[in-house]
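Here's a quick briefing to read with the model open beside you. It starts with the overall fold and then moves to a handful of spots worth a look.

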Amino acid sequence: MEGKIEVVKCSLLGSVLSNLLLVLGTSLFCGGVVNLGSDQPYDRTQADVSTGLLILGVLCQSLPLMLRYAVSAGEHSVAADTTGLDLSRACSLVMLLAYVAYLFFQLKTHAQLFEPQEVADEDGEAEEDEQAVIGFASGLFWLAFKTVLIAILSEYVVGTIEPTSKSWGLSVSFISIILLPIVGNAAEHAGAIIFALKNKLDITLGVALGSATQISMFVVPLSVIVAWIAGIQMDLDFKLLETGCLFVSVIVTAFTLQDGSSHYLKGILLLLCYIVIGACFFVTRQPASHANNNGAGLLLPTDTLGAQVA
């Protein structure tokens, strides 16, 4: 069960990293290349609010990690695990409360700030809004259907990650954090790029940053609360390497979106950050089978601490 929890945590972390760096980076790059001769503005309010929430999420996920090192002083103890678990559950409640406040801010009190900007075309005329392809009832049906389908497929995928790691010769962390989110975010990845090509970066930011914020501030803490109700010990301690990558990714994204306009170089920088992080998880841990074949120390794939076993 502990290994499955770590896989779930790595998958959630990878989805946030993918949205912040891969999806947003590709969109900004493609949009900047196609619209070289025109400005690509966007509303900074949406970016500032989302990155602020993401920083709060990183703080809540960093506290159990720092507390573990502060309490245990480098030694494993039941008291430290219990304290960290209690802190994670308290932080999860705070994160859910912040996400509810964010929804109220976005949908009720300041909804006008999140409306897409009208970008003029080459003739100086504002583009007309596109008509909806399906209605509300049809969209709700397909949303519910795909949610159930994804839940079934996710259960299958989680159970096959470790065998895949051994057969492919890749670490569990690399598969969970890098490969799975790339496949899972394919639909919104394509949508974000299409809107960026049409010079509608507000919608692109809504897709990329909105998804990252939803996962970090809603899905992650909700998973901790649901696990608490089910009697499963799941905390917000994503371990040192994972938390550090998340922190740097949020900071890089926040600085990239601080001026209210975009160009292709910003997309390149985000993509390069994602490549470096992917390379880090690719070389950090090797599957157990490879370690045994080399006669070296064994690195357990599901042990995110990277503890070496003789």
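Helices (H or I, at least four residues) and strands (E, at least two) are DSSP runs, numbered from the N terminus. By that count the protein chain has ten helices and four strands. Keep in mind that this is a predicted model: local features need pLDDT of at least 70, side-chain atom pairs count only at pLDDT 80 or more, and totals for chains, interfaces and linings use all residues. Residues are numbered from 1 along each chain as its sequence is written, and side-chain values use heavy atoms, with hydrogens and water left out.

**Overall layout**

- Reading from the N terminus, the elements of the protein chain go α-β-α-α-α-α-α-α-α-β-α-α-β-β.
- Of the 310 residues in the protein chain, 41% are buried (buried means under 20% relative accessible area, exposed over 50%, and partly exposed in between, with a 1.4 Å probe and protein chains only).
- Contact here means heavy atoms within 4.5 Å. Among contacts in the protein chain with a separation of 6 or more, 79% are between residues 24 or more positions apart.

- The UniProt annotation "transmembrane region", from an unreviewed entry, covers residues 12-37, 49-67, 87-105, 132-158, 170-197, 203-228, 240-258 and 264-284. UniProt positions are given in the numbering used here, feature names are shortened, and annotations may be inferred rather than shown by experiment.
- Residues 49-67 are 100% helix and 0% strand in the model, with 27 Å between the end C-alpha atoms.
- Residues 170-197 come out at 89% helix and 0% strand, and their end C-alpha atoms are 35 Å apart.

**Helices H8 and H9**

- Two packed helices are described by the angle between their axes and the distance between the axes.
- For helix H8 (residues 240-256) and helix H9 (residues 264-284), the axes come within 11 Å and cross at roughly 175°. That makes H8 roughly antiparallel to H9.
- On the terms: axes are lines fitted to C-alpha atoms, for helices over the stretch in contact, and angles run from 0 to 180 degrees between N-to-C directions. Angles under 35 degrees count as roughly parallel, over 145 as roughly antiparallel, 65 to 115 as roughly perpendicular and the rest as oblique.
- On the H8 side, the contact uses Leu 241, Glu 242, Cys 245, Ser 249, Val 252, Thr 253 and Thr 256, and these meet Lys 266, Leu 270, Cys 273, Ile 277, Cys 280, Phe 281 and Thr 284 in H9.
- By class, the contact of H8 with H9 has eight nonpolar, four polar and two charged residues (Ala, Val, Leu, Ile, Met, Phe, Trp, Tyr, Cys and Pro count as nonpolar, Asp, Glu, Lys and Arg as charged, and the others, Gly among them, as polar).

**Cysteines**

- A disulfide is taken as a pair of cysteine sulfur atoms within 2.5 Å, and by this rule the count comes to zero disulfides.
- Cys 245 is in no disulfide, and its nearest cysteine sulfur, that of Cys 280, is 5.2 Å away. Cys 245 counts as buried because its relative accessibility is 10%.
- Cys 280 is partly exposed, at a relative accessible area of 26%.

**Positive phi in the loops**

- Most residues other than glycine have a negative phi, and most peptide bonds are trans.
- Asn 199 has a positive phi of about 65° although it is not a glycine. Asn 199 sits in the loop between helix H6 (186-197) and helix H7 (201-229), and is buried, with a relative accessible area of 7%.
- Asn 199 and Gly 32 are 167 residues apart in sequence, yet 8.8 Å apart in space, C-alpha to C-alpha.
- Lys 239, another residue other than glycine, has a positive phi near 75°. Lys 239 is in the loop between H7 and H8, and counts as buried at 11% relative accessibility.

- Lys 9 is in helix H1 (residues 2-34), and is buried, with a relative accessible area of 2%.
- Setting aside neighbours within four places in sequence, Lys 9 is in contact with Met 234, Asp 235, Asp 237 and Phe 238.
- Asp 48 belongs to helix H2 (residues 44-72), and is partly exposed, with a relative accessible area of 37%.
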